[in-house]
Amino acid sequence: MSTPHKKNILVTGGAGFIGSAITEKLAADPSHNVIVIDNLLTGDEKRVTSSGRPNISFIRGNVNSHNDISAIFLSNRIDYVFHYAAVVGVQRTLQNPVMVLKDILGMRHITSLAKTAGVKRIFFSSSSEVYGEPVEFPQNEETTPLNSRLPYAIVKNAGEAFLKAFRQEFGLHYTIFRFFNTYGPQQSSDFVMSKFLRAALKNEPLYIHGDGSQSRTFCYIDDNTDACLSAFYGNKCVDEVVNIGNDNEISILDLARTIIRVTGSRSEIIHGPALKEGDMTRRRPDVTKMKQLLGRDMLPLEEGIRRILNDPKFIS
C-alpha cells in the first residue's frame, strides 16, 4: 500500500501573532508539513519553534524577495498557502508607507508561483481596513464599499484584487479573510489590547487617543483560527470573502475601564490628542459567515481577557 501524500502547507508571516497560531494548529495534524517563512520584522521565531513539532520548518526570508519565496516553491510541492505576511500595526504602517506598499510584491510572487505550482487554494489575511471609514453597519463582505486611502488598506485591497484576477484567468482558488481586531496571549505589545493589559498590570496609565468614543470589536485568537481552519478543512468559502472578527462593539474608553476592572488595576486613564489618520470611528463586522464556520458561540471579551492573564505565554 502506498503512503498517502503529506500536505505541504506554506504559512507566510508564520512567526507573527496570528500566523504562528494557525501554524500551531495546522501542525497538530501529523499529515501536514508546515513550512513557515518570516523576515522577523515583527515576528518572533520562538512562536514557531517553541512547540518542538517535527513537522514545522522555519525559514527566515522575505516574501517580497522573489529569490527567497521561489526557492521554497522549487524545493517543495506546495499544496496550500496561508499568506499572512504583512507590515502590521497602525503606527508602523503610517510611519513606513513605502515599506507597506512593497507588500504588493509579495502578493504578486505568491499568486504567480502558486499558479505555476498548482496550489489548491490560497488563504489570504486581508483586513477590516479595506472598508475605510464605514458607511454601513454591520460591515458586510458584499455590500460595503471599499474606500480607504491608507497604504496598508490599499495593499490589502490590491491583494484581494490579485486573487480574484488569478481565479478568473487561471482558476486559482482563494479564500479571503478580512481580519478585524484579534487578541490573545502572544500578541505583541503595540496593539491596543496587549498595550492596555501590560500597562494595567503595572498600574501604569492607559493612554487613549482622543475621547475614546471610537469603537472596535475584539476577536479572541482561537475564534479566529478555528473559523479559518473550518474553511480549510471543510472546503468552505471557496472563492469568497469572509469577515473574521466579533460583532460585540465596545468603545476604547470602555475597553480601558473593563481591563482596569478585570485586572484590579490602580491605573488611571489619560486622554491624548486624536490620531490625524488611521483611527476609524467605528468597526463592527457582519460575522454571519464566520458564525457558520465556527458552529459555536464566540468567546466573550472578559473571558478572553482572563484567559490571557492565566496563560503562561503572556508576558506582562
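This report describes the nonpolar cores and some backbone features of a predicted model.

In soluble globular proteins, nonpolar side chains tend to be buried together. In this model the largest nonpolar core has 58 residues, and Leu26, Phe82, Phe177 and Met193 are those with the most contacts inside it. Helix 10, which covers residues 252–263, gives this core its largest share, namely seven residues.

If its neighbours within four places in sequence are left aside, leucine 26 is in contact with several residues, including Ile9, Val11, His32 and Val34. The list for leucine 26 also includes Phe82, Leu229, Phe232 and Tyr233.

**Backbone features**

Most residues other than glycine have a negative phi, and most peptide bonds are trans. Against this background, the peptide bond that runs from phenylalanine 137 to proline 138 is cis, with omega near -10°. Proline 138 is placed in the loop that lies between strand 5 (121–127) and helix 7 (151–170).

Asparagine 235 has a positive phi although it is not glycine, and aspartate 239 is likewise a residue other than glycine with a positive phi. Asparagine 235 is found in the loop between helix 9 (221–233) and strand 11 (240–244), and aspartate 239 lies in the loop between helix 9 and strand 11.

| Residue | Phi | Relative accessibility |
|---|---|---|
| Asparagine 235 | near 50° | 56% |
| Aspartate 239 | near 60° | 22% |

Asparagine 235 counts as exposed because its relative accessibility is 56%, where exposed means over 50%. Aspartate 239 counts as partly exposed because its relative accessibility is 22%.

Technical notes:
Residues are numbered from 1 along each chain as its sequence is written. This is a predicted model: local features need pLDDT of at least 70, side-chain atom pairs count only at pLDDT 80 or more; totals for chains, interfaces and linings use all residues. Side-chain values use heavy atoms; hydrogens and water are left out. Helices (H or I, at least four residues) and strands (E, at least two) are DSSP runs, numbered from the N terminus. Buried means under 20% relative accessible area, exposed over 50%, partly exposed in between (1.4 Å probe, protein chains only). A nonpolar core is a set of buried Ala, Val, Leu, Ile, Met, Phe, Trp, Tyr and Cys residues joined through side-chain atoms within 4.5 Å. Contact means heavy atoms within 4.5 Å.
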